Every structure is written in C-alpha cells, then in structure tokens.
Amino acid sequence: MDQKKIDRINELARRVKAGEALTPEELSERDALRKEYIASVKASLVGHLDNTYIMEADGTKHKLKKRS
C-alpha cells in the first residue's frame with residue numbers, strides 16, 4: 001500500500017475524530033482503504049514468518065510450520 005492511501009486513511013480518521021460527519025462515499029472509501037491496509041499488513045506478516053527459523057540449543061535450525 002502506498003503512502004498516499006495511508007495519508008488518506010489518516011485524513012478521514014482525523015475528520016471523524018474532530019466530529020465531522022463523512023459522506024456515504026467517504027465512508028465506503030474509508031472501509032475499502034482499511035480493508036486494503038489490513039490485507040497488506042497480513043501479507044507482510046506472512047512474508048516475515050515464512051522466512052523465520054527456530055534455532056535449537058544444539059545449533060540446528062528449522063522453519064516455522066504453518067498451523068492449520
């Protein structure tokens with residue numbers, strides 16, 4: 001997700017926090033941006049976990065296993 005979209009999410013959040021009402025179009029835009037942001041955070045986390053290894057006391061390494 002690019003910085004421009006994150007800035008837009010923050011702008012809408014500031015307006016709501018200031019007590020300003022959002023239009024229905026802005027509400028749907030905010031919801032779509034939030035979903036996209038959450039999806040990008042989850043993808044980033046999965047990428048980090050895919051490259052994570054556990055090192056045992058004897059020095060051996062093994063990858064994390066995916067949980068079902």
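1. The side chains of arginine 15 and glutamate 26 are joined by a polar contact of 2.8 Å. (A polar contact is a pair of N or O atoms within 3.5 Å; within protein, one must be able to donate a hydrogen and the other to accept it, and residues adjacent in sequence count only if both atoms are side-chain atoms.) This is a predicted model, where local features need pLDDT of at least 70 and side-chain atom pairs count only at pLDDT 80 or more, while totals for chains, interfaces and linings use all residues. Residues are numbered from 1 along each chain as its sequence is written, and side-chain values use heavy atoms, leaving out hydrogens and water.

2. Staying with arginine 15, the residue sits in helix H1 (helices are DSSP runs of H or I, at least four residues, numbered from the N terminus). Its relative accessibility is 18%, so arginine 15 counts as buried (under 20% relative accessible area, with exposed over 50% and partly exposed in between, using a 1.4 Å probe and protein chains only). Leaving aside residues up to four places away in sequence, arginine 15 touches Arg8, Glu20, Ala21, Leu22 and Glu26 (contact means heavy atoms within 4.5 Å).

3. Arginine 8 also belongs to helix H1. A polar contact of 3.1 Å links the side chains of arginine 8 and glutamate 11. Beyond four places in sequence, arginine 8 touches Arg15, Glu26, Glu29 and Leu33.

4. Now for the helix pair: the axes of H1 (residues 3-17) and H2 (residues 24-50) come within 10 Å and cross at roughly 130°. (Axes are lines fitted to C-alpha atoms, for helices over the stretch in contact, and angles run from 0 to 180 degrees between N-to-C directions.) H1 and H2 are therefore oblique to each other (angles under 35 degrees count as roughly parallel, over 145 as roughly antiparallel, 65 to 115 as roughly perpendicular and the rest as oblique).

5. On the H1 side of the contact are Lys5, Ile6, Arg8, Ile9, Leu12, Arg15 and Val16, which meet Glu26, Glu29, Arg30, Leu33, Arg34, Glu36 and Tyr37 in H2.

6. Lastly, alanine 39 lies in helix H2. Alanine 39 counts as partly exposed because its relative accessibility is 45%.

Terms used
Helix = DSSP H or I, 4+ residues; strand = E, 2+ residues; numbered from the N terminus.
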